[in-house]
Amino acid sequence: MIKKELGLGLLLVVIAAITGAINPAFLSLVNLLNMANLIGLFGVFALGEGLVIITGGIDLSLGSMFALLGVVFVDLLTTYEVPWPIALLAVLLGGLALGGIQGFLITRLKMQPFIVTLCGLLIYRGAARYYTTDSTRGFGYGDEAGTLSDIASGNVAGVPNTFILLIILALILGVLLHRSVYGRWLYAVGKNEEAARFSGINTNIVIATAYIVSGGLAGVSTVLFVFYTNSVSPSSFGNFYELYAIAAAVLGGCSLRGGEGSILGIVLGTALLQVLQNLVNILGIPNSLNFAVMGTVILLGVLADHQLQARRRRKMALAGLARTTPRSILEKQQGAAPRSADALPARTGDQA
């Protein structure tokens, strides 16, 4: 994994240097801080998507989850005038609950993650539009959650709080994934779920918790995006954001087959996507091609992963052949010598 992360970091530096050469405004402090804010916004829920992908699953419902949780959050603050700590807790618990429901359907009812989360994508978006009668929800001119707004959209010494939150979550999840037994279970389940089950790992709990963590991080991201946009349109809020998360995870080294990936790689993948988006804007490419760029990035990431997997299989096959070939030749030689030795004394003994 270190090689992948180093290669991704080098690619990020090269693209940033090229973009800065094309337009020096890219390296301005204002633009860099704006990119840091966007990296923080998109990186938080990309971490959750990465954990799900490591288990061999996928979550297509993140964008629609943002829409449903977003309209509920704004409504709690504006219509029902609920104190912001309670509204925040409700959104976080809602994200955990939605992730738990998906994890239950996948593990207990043995449904395919693609089908479950695709249905979630449709259900959550439809529920959000029905709840608001397809109208936009916003804060208006009130100060319903001034403290929370300052935290979500503020900064510390110029560094956006969203980026700081991403770094904190990345450190926590990095320890969880790379320095704990649970992290080894995640990789084991992603590599071979059946073998992990036979080795004593409760694969249902491991997979379900991955979806629960992803839902919880989606709740955190919902709050951040609500204060970033100051309004929620249920038909477009968070639309296709799951593509950003999948692309960031794949670029960061997470294999869609499961069992591979790292937290640092996901963060670097998110940063690379934002640099590419900035490059698209600088080059004057129409915004309508953003999804085409995302699709191309995902395709290239999957192709690279396929080639790396094929190369690894060839190396393993050659290594196994190199270990077994001398042994088989030696066995043939050892098997041939006793037969000739046994035959010679028999004839000499007969002659004697």
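Modeller: A cavity is a set of grid points where a 1.4 Å probe fits but cannot get out, and its lining residues have an atom within 4 Å of a point. The structure to which we apply this is a predicted model.

Colleague: How many cavities of 30 Å³ or more does the structure hold?

Modeller: The general idea comes first: rolling a probe the size of a water molecule over the atoms shows where empty space is left. In this model, one cavity of 30 Å³ or more is found. The space in the largest cavity comes to about 50 Å³.

Colleague: Which residues line the largest cavity?

Modeller: Its lining consists of F42, A46, Y244, A245, A248, T270, L273 and Q274. Two or more residues of that lining come from each of the elements α2 (29-54), α11 (241-251) and α12 (263-282).

Colleague: What does the secondary structure of the chain come to?

Modeller: There are 13 helices and four strands. The chain has 352 residues, and 46% of them count as buried. Among contacts with a separation of 6 or more, 79% are made by residues 24 or more positions apart.

Colleague: Is V74 buried or exposed?

Modeller: A residue counts as buried when its relative accessible area is under 20%. V74 has a relative accessible area of 0%, and therefore it is buried. This residue is found in helix α3, which covers residues 62-78.

Colleague: Leaving aside neighbours within four places in sequence, with which residues is V74 in contact?

Modeller: Beyond those neighbours, V74 is in contact with T79, R137, G138, F139, V226 and V232. A separate value concerns V223: its C-alpha atom is separated by 9.3 Å from that of V74, although the two residues are 149 residues apart along the chain.

Colleague: Turning to the surface, which residues form the nonpolar patch?

Modeller: The patch is formed by F104, L109, M111, F114, I115, L118 and L122, which together have about 650 Å² of accessible area. Helix α5 (residues 113-131) gives the largest share, four residues.

Colleague: Why is I115 classed as partly exposed?

Modeller: Partly exposed is the class between buried, under 20% relative accessible area, and exposed, over 50%. I115 has a relative accessible area of 40%, so it is partly exposed. I115 lies in helix α5, whereas the buried V74 is found in helix α3.

How values were computed: Residues are numbered from 1 along each chain as its sequence is written. This is a predicted model: local features need pLDDT of at least 70, side-chain atom pairs count only at pLDDT 80 or more; totals for chains, interfaces and linings use all residues. Side-chain values use heavy atoms; hydrogens and water are left out. Buried means under 20% relative accessible area, exposed over 50%, partly exposed in between (1.4 Å probe, protein chains only). Contact means heavy atoms within 4.5 Å. Patches are made of residues with over 30% relative accessible area and no salt bridge: like charges are joined within 9 Å, nonpolar side chains (Val, Leu, Ile, Met, Phe, Trp, Tyr) within 5 Å. Accessible areas come from the Shrake-Rupley method with a 1.4 Å probe; for residues, only the protein chains shown count as cover. A salt bridge is a side-chain nitrogen of Lys or Arg within 4 Å of a carboxyl oxygen of Asp or Glu. On a 1 Å grid over the protein atoms alone, a cavity is a set of points where a 1.4 Å probe fits but cannot get out, and a pocket is an open set with protein on both sides within 12 Å along at least five of seven lines; lining residues have an atom within 4 Å of a point. Grid points are joined across faces, edges and corners, and a volume is the space filled by probe spheres set on the points.
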